[in-house]
Amino acid sequence: MNPTDTLTTRTALDRAWWKEAVVYQIYPKSFNDATGDGIGDLRGIERRVDYLDDLGVDAVWLCPVYESPQADNGYDISDYRSIHDAYGDMDDWRRLLDALHERDIRLIMDLVVNHTSDEHEWFQRSRRRDGTFEDYYIWRDGDGGDPPNNWESMFGGSAWTYDEVRGQWFLHLFDEKQPDLNWRNPDVRNSVYEMIEWWLSQGIDGFRMDVINLISKAAGLPDGAEGEGLTGAEHFINGPNVHKYLREMHDEVLSDESLLTVGETPGVCVDDARQYVGPDGDGLSMVFQFEHVTFDFDEHKWDAGDWSLVELKEIISEWQDGLADDGWNSIYLNNHDQPRMVSRFGDDGVYREASAKLLGTLTHTLHGTPFVYQGEELGMTNASFASPDELRDVEAVNFVEEALEQSDVESYDDVRDAIEYIGRDNARTPMQWSDAPHAGFTDGEPWLDCNTNYEAVNVEHARATKDSVWHYYRDLIDLRHEHDVLVYGSFDLLLPEDPAIFAYTRTLGDERGLVVLNFEAGPVEFTVPDGVSLDGLELAIANTDVPKRPRPSFELGPYEARVYLTS
Ligand code: NOJ
């Protein structure tokens with residue numbers, strides 16, 4: 001390619017800050033406790049803003065900090081415009097925003113509008129049929145003593161609860177303390193848009209939109225087909241009016257192109273995703289898809305188990321190719337709802353550090369915006385939960401309770417493996433800052449016990465150790481900032497059938513990259529496939545000492561990761 005072509009490619013880039021950014025996700029309850037009550041808080045986060053700056057991230061996604069009874073750790077909001085007491089107040093929040101902005105770090109807030117808390121004033125008034133609030137939620141008469149339909153809640157049991165006050169059933173796709181809003185009602189939509197505008201006027205930079213593809217339910221709320229998966233899902237995943245509502249939301253309040261909007265969208269395939277993020281879509285910047293974090297499920301998430309690299313590569317490359325030209329990918333391997341990635345896709349034993357670096361190499365060199373979940377930059381691992389009393393997550397607690405009612409489950413020990421493989425508390429153990437008691441997270445008793453490995457795996461130690469996962473992440477983040485090819489370059493999967501190696505190229509005009517990752521705990525031989533040129537390629541980053549120039553064939557050690565770029 002000649003220089004003019006390169007120039008054309010570069011100027012044609014549809015640049016956006018959020019495409020070039022690395023986003024850091026904070027789960028406030030577990031990040032840093034400044035008040036000593038065992039619960040993370042906004043002042044605690046503010047104290048760590050320099051930490052985020054040192055790591056080099058460009059934006060923070062803050063999980064919900066709004067007023068909430070905390071049935072689902074803040075995803076049950078009782079007042080959208082105030083801060084949960086244990087987290088602080090709006091002044092603390094403003095100080096945090098300013099501290100982030102002073103360091104050029106943007107702030108993305110969580111937008112939870114599929115449902116509210118049952119303690120939200122809207123619900124309280126709705127259950128009393130109070131004026132315009134009467135139809136703010138999805139109320140129905142039951143069928144005798146039975147709920148209106150057979151839909152199941154994501155957290156187990158029926159998706160309906162009978163409300164004595166109103167004398168009707170209300171729908172809740174999650175916990176019974178999370179009633180679903182009635183998006184068919186224009187007053188609901190307007191109330192939500194006003195709230196969005198209010199937050200935007202506070203100076204935030206975007207939203208992560210909780211289960212946004214569930215807001216529209218099929219007319220008549222028909223029974224779902226019983227069998228595999230969640231009963232009723234076909235009637236509320238990507239429901240009939242979801243695009244109408246999202247476009248309306250976009251036109252009313254989200255049309256500012258500098259905002260990052262990432263929709264959490266369980267159950268979407270690439271074609272669905274285009275309708276949310278594509279050029280003729282709803283105007284979202286990107287979505288969080290779930291295919292690569294559900295492909296190891298059997299009948300449901302608690303049966304998760306075996307996975308193969310070939311299948312993981314297939315899913316990832318389908319998304320890479322599918323949104324290459326029209327849309328944008330989010331890239332994540334874990335978050336507050338998923339187990340720790342090093343425990344799931346790497347090796348949290350002897351190869352913990354190597355495999356954490358390998359997985360980080362993957363997420364920072366794919367086409368899309370990488371999201372780093374707190375503690376991932378240390379290689380934090382899944383925890384151990386010896387008894388159900390140690391669990392805090394409503395989903396896990398419900399699952400254990402329901403399982404124990406079944407005849408083939410004798411005790412917690414029968415389901416412990418499932419909890420420790422896929423349960424959400426794995427990701428929510430406190431951030432490990434140091435080897436001080438409770439990992440330096442709190443001076444009090446943490447709301448959820450720390451992972452016992454905090455004496456070895458913690459920020460203080462990682463920062464003092466030159467070749468730690470933390471330093472490697474900092475280098476990865478820098479690398480992505482320095483090389484357009486890693487942000488905008490096209491992706492081409494190599495060796496799709498190789499069971500151990502995940503390799504691909506990135507190309508942007510005459511800038512090229514070659515990424516080679518060994519997902520095995522043993523050595524493997526890599527031969528550069530025909531058609532891939534090694535000309536001008538030099539090592540940009542690797543998780544072990546390797547020569548600067550690639551050879552046509554080389555051996556990779558356990559969990560070895562290499563990135564070669566044209567200089
Ligand atoms: C997705 C959130 O990430 C999860 O934590 C929450 O439980 C559900 N949505 C319900 O809001």
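This is a predicted model: local features need pLDDT of at least 70, side-chain atom pairs count only at pLDDT 80 or more; totals for chains, interfaces and linings use all residues.
Local features were taken at pLDDT of at least 70 and side-chain atom pairs at pLDDT 80 or more, whereas totals for chains, interfaces and linings use all residues. Residues are numbered from 1 along each chain as its sequence is written, and side-chain values use heavy atoms, without hydrogens and water.

Lys19 belongs to helix α2 (residues 17-20); helices (H or I, at least four residues) and strands (E, at least two) are DSSP runs, numbered from the N terminus. With a relative accessible area of 9%, Lys19 is buried (under 20% relative accessible area, 1.4 Å probe, protein chains only). Beyond its neighbours within four places in sequence, Lys19 is in contact with Asp14, Trp328, Thr369, Arg480, Val487 and Tyr488, contact being heavy atoms within 4.5 Å. A polar atom of the Lys19 side chain lies 2.7 Å from the backbone oxygen of Asp14.

In helix α9 (residues 270-277), the buried residues are Val270, Asp272, Ala273, Tyr276 and Val277. They fall within an arc of 150 degrees seen down the axis of α9, so they line one face of the helix; the arc is that of the directions from the helix axis to the C-beta atoms. These buried residues pack against α8 (242-254), β11 (286-288) and α11 (309-322).

Helices α13 (residues 352-365) and α18 (residues 469-482) have axes that come within 10 Å and cross at roughly 15 degrees. Axes are lines fitted to C-alpha atoms, for helices over the stretch in contact, and angles run from 0 to 180 degrees between N-to-C directions. The two helices, α13 and α18, are therefore roughly parallel to each other (angles under 35 degrees).

Key. Buried means under 20% relative accessible area, exposed over 50%, partly exposed in between (1.4 Å probe, protein chains only). A polar contact is a pair of N or O atoms within 3.5 Å; within protein, one must be able to donate a hydrogen and the other to accept it, and residues adjacent in sequence count only if both atoms are side-chain atoms. Angles under 35 degrees count as roughly parallel, over 145 as roughly antiparallel, 65 to 115 as roughly perpendicular and the rest as oblique.
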